[in-house]
Amino acid sequence: MNQILVTKKLYITPELKRKKKIYKFDFIISVFLVCVLTSLYIYAEYDRNKSEQTSQQLLTEVNQTLSEAEDTTIAKDDVLLIVLDATEEDYVAMEERESMNIATINEQAEKKVTANGSTYRIIATITIPEINLTYPVLQGETGSTEEIDDLLKISPCKYHGGEPNEKGNFCIVGHNYRNRKFFSKVPTLGIGSVINLTDLTGRTISYEVYDKHTVDPTDTRDTTQLTGGKKEITLITCTDDSKQRVIVKAKEIK
């Protein structure tokens, strides 16, 4: 008996064709977006590594300058003053002269210019042994937000305050790249952590962390200079989600 084989043909409706095209389009878009995001991540990481290299080059330069300064004794006004049995007024006068000297040295420091045209100087170096952090501290010429944003791509910057290692609250801001670079590990510091700040005279002062908290980006109360005549530093960086600011406050260890 002859058998007739009938092949059942799947009928593709216009609606099925439309959905197929949509799925194909969505797949292509998804692949494209993954490629774009991956490229952006790779570029961002490359840019951060390049910034790290630039910062370390600046650190090498300032360390060389400090090393040369240590080999030479520089007396204020060409006179080396040794004060015996000094009164409190004598010490105040000496501190004022020292402060003026630091300000003058900072003003005479070599000017550098970023690729975007921001002019800056290196005015100190910050070291935090606990998190293996060592960077130069930069100060821009104008102090504008745009300038600080540009300089932060290179290294931590002075945000507010007087001269480094002087009475008052020396505020330093740095990026949290969440990759161990710049101020990424500053949020891990705790009460009792030690921060070392070296100014351009070669003087290093150690500061001990006594407070850490988070604030809104618009809250600037921690930049106050009311320290009761003491030397303090404040480190500022972003939380990991960039929604708030981590504030780390430290006072001079005597």
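Which residue forms a salt bridge with Glu 141? Here are some notes on that and a few other features.

1. The partner is Lys 111, and the closest N and O atoms of the pair are 3.0 Å apart. A salt bridge here is a side-chain nitrogen of Lys or Arg within 4 Å of a carboxyl oxygen of Asp or Glu. Glu 141 sits in the loop between β3 (133-140) and α3, and Lys 111 in the loop between α2 (88-108) and β1 (112-113), 30 residues apart. With 45% relative accessibility, Glu 141 is partly exposed; Lys 111, at 46%, is partly exposed too. (Buried means under 20% relative accessible area, exposed over 50%, partly exposed in between, with a 1.4 Å probe and protein chains only.)

2. Before going on, please keep in mind that this is a predicted model, where local features need pLDDT of at least 70 and side-chain atom pairs count only at pLDDT 80 or more, while totals for chains, interfaces and linings use all residues. Residues are numbered from 1 along each chain as its sequence is written, and side-chain values use heavy atoms, without hydrogens and water.

3. The structure holds five salt bridges. Among them is Arg 203 with Glu 166, at 2.7 Å from N to O. Arg 203 belongs to the loop between β6 (194-199) and β7 (204-215) and Glu 166 to the loop between β4 and β5, so the pair ties together parts 37 residues apart in sequence. Both Arg 203 and Glu 166 are buried. Shared partners join Glu 166, Asp 199 and Arg 203 into one network of salt bridges.

4. Another salt bridge links Lys 112 and Glu 110, at 3.6 Å from N to O. Lys 112 counts as buried because its relative accessibility is 15%, whereas Glu 110 reaches 55% and counts as exposed.

5. Strand β5 (residues 168-173) deserves a look: six of its six residues are buried. (Strands are DSSP runs of E, at least two residues, numbered from the N terminus.) Gly 168, Phe 170 and Ile 172 are buried on one side, and Asn 169, Cys 171 and Val 173 on the other. In a regular strand, side chains alternate between the two faces of the sheet.

6. What are the neighbours of β5? Strand β4 (residues 157-160) runs antiparallel to β5, joined by three bridges, with Cys 157 opposite Val 173. Strand β8 (residues 231-238) runs parallel to β5, joined by six bridges, and there Cys 171 stands opposite Thr 234.

Note on methods:
Helices (H or I, at least four residues) and strands (E, at least two) are DSSP runs, numbered from the N terminus. Two strands pair if DSSP finds at least two bridges between them.
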